[in-house]
Amino acid sequence: MFEYEIATARRADLMSQADRYRMVREARKAARTSSRGEESEMTVNSHRRLFTRAA
């Protein structure tokens, strides 16, 4: 009976870890998606500041 309780507690712990991992992964994906949207709206002049002159 004691082993069953330990296994049940371990399973619950693993489930909560998986939920946290999934939530962090989705948040990072959402942050990347939102930052891409802002970058695509930049004007040409703002892109020119990112590079140095060649000559």
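Helices (H or I, at least four residues) and strands (E, at least two) are DSSP runs, numbered from the N terminus. The model is predicted: local features need pLDDT of at least 70, side-chain atom pairs count only at pLDDT 80 or more, and totals for chains, interfaces and linings use all residues. Residues are numbered from 1 along each chain as its sequence is written, and side-chain values use heavy atoms, with hydrogens and water left out.

**Exercise 1. Describe the fold elements and the exposure of the protein chain.**

Step 1. The protein chain contains two helices and zero strands.

Step 2. Buried residues (under 20% relative accessible area; exposed is over 50%, partly exposed in between; 1.4 Å probe, protein chains only) make up 2% of the 55 residues of the protein chain.

**Exercise 2. Locate the salt bridges and characterise their partners.**

Step 1. A salt bridge requires a side-chain nitrogen of Lys or Arg within 4 Å of a carboxyl oxygen of Asp or Glu. The whole structure holds two salt bridges.

Step 2. One joins the side chains of Asp 13 and Arg 10, at 3.4 Å from N to O. Both residues belong to helix H1 and stand three residues apart, about one turn of the helix. Asp 13 is partly exposed at 32% relative accessible area, and Arg 10 is partly exposed at 46%.

Step 3. Another joins the side chains of Arg 22 and Asp 19, at 2.9 Å from N to O. Arg 22 and Asp 19 also lie in helix H1, three residues apart, about one turn of the helix. Arg 22 is partly exposed at 37% relative accessibility, as is Asp 19 at 43%.
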